[in-house]
Amino acid sequence: MTLVRAKKHLGQHFLTDKNIAAKIVESLRPEGKYKQVLEVGPGMGILSDFLLQKTEYEVSLVDIDTESYQFLQKKYPQLGSKLLNADFLEMDFATLFDGPLGIIGNFPYNISSQILFKVLDNRAQVVEVVGMFQKEVAERCSAKAGSKEYGILSVFLQAYYKVEYLFTVKAGVFNPPPKVLSAVIRLTRNATAELGCDEKLFWQVVKAGFNQRRKTLRNAVSSLINKEKMTDEPLLDLRAERLTVEDFVKLTNLITTNR
């Protein structure tokens, strides 16, 4: 079969190292929590080869690239309707998948954040994610409060998922090689169904805090608070990067109470 051309506008960097591909697939831990796995952006199927050897779950592949889709149709004719030529960001998981879902992929770096927010939007169904990201993004996802990498994405993901930085991947194992290092992370859904606060306000507080991360929260979220009622709140004297998810929930409830 003719090989698929990597397309810059799709952010494609095809993994070529089978050992790393196997390691990524082995990082999935369904353990009875889900029986369906969706691979995003399979390209020429280096992860798919290992995924399709698994018997504990049912695999679907989705690729927006028509050339990849046609290549994979010939490579895996047994997949039938489980091979999708579609935009992952536009998929309706509830319609396509019956029950909980795992997601895996060597994700396009140009839409990393959008992929992660798609996961968050579908957190009731997406139990686990194992994926390759730009190292900088992987570090942001897994960063702890107090570090310079900790930010909006860290808080939103860690509110609903346990985030683990698994391993770093060098540029030389891709074709074409990216200009950055890469890393694989794992997201595992935690037990939090609801945050216990006004979630819309929570998102507003987190975004406002980090959009002006050099300011204390008293200044960064000033438009959201009743300044007269919250003059002595110590959390407001900190910068956003110092607050854990639990702190942001507490602050959101205090803002709601003191409006």
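Here's a quick tour of this chain, from its overall build to what's packed inside. Keep in mind that you're looking at a predicted model.

**Overall build**
- The C-alpha trace spans about 70 × 40 × 30 Å along its principal axes.
- Take the contacts between residues at least 6 apart in sequence: 68% of them join residues at least 24 apart.

**Inside the chain**
- Of the 259 residues, 51% are buried.
- The largest nonpolar core has 56 residues, and the members touching the most others are Leu 38, Phe 88, Phe 93, Ile 103, Phe 202, Phe 248 and Leu 251.
- Helix 8 (residues 199-211) gives this core its largest share, seven residues.
- There's also a second, separate core of 32 residues, with Leu 15, Ile 24, Leu 72 and Tyr 109 among them.

**A closer look at Phe 248**
- Phe 248 is one of the residues that touch the most other members of the largest core.
- Setting aside neighbours within four places in sequence, Phe 248 is in contact with Val 155, Phe 202, Val 205, Val 206, Phe 210, Ala 240 and Leu 243.

- The accessible surface comes to about 12,700 Å², and carbon and sulfur atoms account for 49% of it.

Terms used:
Residues are numbered from 1 along each chain as its sequence is written. This is a predicted model: local features need pLDDT of at least 70, side-chain atom pairs count only at pLDDT 80 or more; totals for chains, interfaces and linings use all residues. Side-chain values use heavy atoms; hydrogens and water are left out. A nonpolar core is a set of buried Ala, Val, Leu, Ile, Met, Phe, Trp, Tyr and Cys residues joined through side-chain atoms within 4.5 Å. Buried means under 20% relative accessible area, exposed over 50%, partly exposed in between (1.4 Å probe, protein chains only). Helices (H or I, at least four residues) and strands (E, at least two) are DSSP runs, numbered from the N terminus. Contact means heavy atoms within 4.5 Å. Accessible areas come from the Shrake-Rupley method with a 1.4 Å probe; for residues, only the protein chains shown count as cover.
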